[in-house]
Structure formats: C-alpha cells, structure tokens
Amino acid sequence: MRLADFISRNVDPIMADWVAFAQRSGTGGEALDLTELRDHAVAMLQSVVRDLNTPQTDAEQAAKGKGNAPPARRGDATTPATAHGAGRAESGFTVAEMASEFRALRASVTRLWMRAKDHALNVDDLHDMIRFNEMIDQMLAESVAQFSLDIDRAREIFLSVLGDDLRRPLSAIRKETALSLAASDLAEGCRGVLGRAHTNALRMTRMVDDLLDFTHGRLGAGIPVEREAVDLGQVVRDAVAESCTAQPECALQVTASGDLTGQWDAARVTQVVTNLIGNAVLHGTSGTL
C-alpha cells in the first residue's frame, strides 16, 4: 500500500498514536491537551496526501527540499500549517513544543506504516518516504514562520500600548517639575533635585517616543507625521527654553533669521531638537550647538 493511501485510510489511528506518542515523548504533555494536539492535524495530513498524489519534477523536489516550494505547492497564504502556527502562538506554546508536535507526527505515520507493510520497502516506498519528509519539513517551516510573525506582532502591540500608557505620567511629571522650577522662591537644593527629575523625565519621554516610532514602523503603520502651519523658529525656541529649565547651569541661545514658517510636525521637530540638546549637554563641551 502506497503511503498516501495508507494515510487516507488510517487518519484516526494516526491521530490516536500521535497524541499518545507526543504525550509520552516529553513534548510538553501538561501544556498540550487532547483538543490542542488534534487541531489542524487532520487538515495537515490531507495536505500531505494531496502532495504525495501530485506529480513532482526533479526541480520542484529540489526546491521543496530547500524550503522553497513553489506557490502551487504552498497554496493560499493561510495553509493548515500556518493556521496551526498561529493557533499555537495564541495558546502560549513555545517553538520547541510546536516543533516536537511535527516530530511526533512524523514518527507516528512512519511507525504505523512500517507496521502495516507486509514486505520490505521498494523504490516507490522510498520515494514516498522522501516526499513525506519533505512535506513535514515544509509544514514545520510554515508553522514556525507564522508562529514567529504572530509572536513578534503581539510583542510590538504590547510595547506600543505600554509606550502610550507611559506618556501620560511622564507628561505630568515634566509639567509639574517645570512649574516648580519656575517658582522664584524655590530653595537651591530643591531646584537641583527637581532639575534632575525634569531632565530624567525628558530623557524617558524621548526613549518612549523612539520606542513608539519603532513599533509603529514595525506594525506597518509607519511613523505618523502631522503637519501644520507653524513657525519653526518658535518651535526651536520653545524646545530650548524647556531644556534650559531642566539644565539651568547651561546657557543656550537660539539664533534664527529669515521666514521660518511652513508646514511642520511641531512635535517631531521638538523631539529632534531636544534629543540634540540633551546629547550636547550630556556629552559636549562649551561652545556652539
């Protein structure tokens, strides 16, 4: 009996053996319950059968062996294997646990087929075994790719939400310390402490802004730019004034000439200017910025 026919006729025994083998072989038996072990598995076995019954050229076999199956072999963007990888990422599996499932599936099919064979392997059987292993490897690669993509995306969404949540308390700290620093009756010792707190809040705000820019770019939204008619000179002066409040020991001056009005994203420009000033104050020497 050819391997494709054997799989088609023995899906239930294969599934039962796979579940038992996976639980015995240390593949995270506590984390993998029976329902989770079986999901998408029947569809993946059907994909294997279709592949075994599809003629394949030597070039196609070589490409698939290297993980470069042509589109006709891969089907739609969502395959049983990619759906399996997405489900495992959502369920909290590790890559190792998911890879172990494919190892167990390969072993289960091979063991049961060998047990059912009433004669030694012939050339056709060896050919089927090669193609079966190629298909298992291809499905594993698709599952791992989707698993990694979903995990990365979930991590980036979390960082984006975290960054947005951090902005509000940091903004409050900056405003409150700036107001306190502007008080004329503030003791000199308190001014130093508040100045350092304000500087640290500015630095943390810049890091949060950089984090959000990165996550927005990775999520495909790009870095948002909101242009409006502003005076670039005034934006720079405001940024310098805020930096001077945090660093009263530094004498910063702004020199501007010409018409600097235009369509600018004031928040982005302020972010750039404060980054430059912060780095200059922290690492530079006296002189012109």
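Predicted model: local features only at pLDDT ≥ 70, side-chain atom pairs only at ≥ 80, totals over all residues.
Me: What share of the contacts with a separation of 6 or more joins residues 24 or more positions apart?
Reply: The protein chain has 289 residues, and buried residues make up 35% of them. Among contacts in the chain with a separation of 6 or more, the share from residues 24 or more positions apart is 76%.

Me: How far apart are the end C-alpha atoms of H8?
Reply: H8 has 22 residues, so at 1.5 Å a residue the helix should span 32 Å. The end C-alpha atoms agree with that expectation, being apart by 32 Å.

Me: Is Val 109 buried or exposed?
Reply: Val 109 is found in helix H8, where the buried residues include Leu 105, Ser 108 and Leu 112. The cut-off for a buried residue is under 20% relative accessible area. Val 109 has 1% relative accessibility and therefore counts as buried.

Me: What is the C-alpha to C-alpha distance between Val 109 and Phe 132?
Reply: Beyond four places in sequence, Val 109 touches Leu 3, Phe 6, Ile 7, Ile 14, Leu 45 and Phe 132. Val 109 and Phe 132 are 23 residues apart in sequence, and their C-alpha atoms are separated in space by 9.5 Å.

Me: How many residues apart in sequence are the parts tied together by Arg 2 and Asp 128?
Reply: Side chains of opposite charge can pair when their charged atoms come close. The side chains of Arg 2 and Asp 128 form a salt bridge at 2.6 Å, N to O. Because Arg 2 lies in the segment before H1 and Asp 128 in helix H9, the separation in sequence of the parts tied together is 126 residues.

Me: Which residue is linked with Arg 2 and Asp 128 in a network of salt bridges?
Reply: Arg 2 is partly exposed at 36% relative accessibility, whereas Asp 128 is buried at 4%. The network of salt bridges that links these two residues also contains Asp 124.

Me: Which helices hold Arg 111 and Asp 17?
Reply: The side chains of Arg 111 and Asp 17 meet in a salt bridge with an N to O distance of 3.0 Å. Arg 111 is partly exposed, with a relative accessible area of 27%, while Asp 17 counts as buried at 16%. The pair ties together parts that are 94 residues apart in sequence, so the helices in question are, for Arg 111 and Asp 17 respectively, H8 and H2.

Me: What accessible area do Met 114, Leu 121 and Leu 126 have together?
Reply: Leu 121 is found in the loop between H8 and H9 and counts as partly exposed at 38% relative accessibility. Met 114, Leu 121 and Leu 126 form a nonpolar patch on the surface, and their accessible area together is about 240 Å².

Definitions and conventions:
Residues numbered from 1 in each chain as written. Heavy atoms only, no water. Patch = residues over 30% accessible without salt bridge, like charges linked within 9 Å, V, L, I, M, F, W, Y side chains within 5 Å. Areas by Shrake-Rupley, 256 points an atom, 1.4 Å probe, with all protein chains shown as cover. Salt bridge = Lys/Arg side-chain N within 4 Å of Asp/Glu carboxyl O. Helix = DSSP H or I, 4+ residues; strand = E, 2+ residues; numbered from the N terminus. Buried < 20%, exposed > 50% of the residue type's maximum accessible area, 1.4 Å probe, protein only. Contact = heavy atoms within 4.5 Å. Expected span 1.5 Å × (residues − 1).
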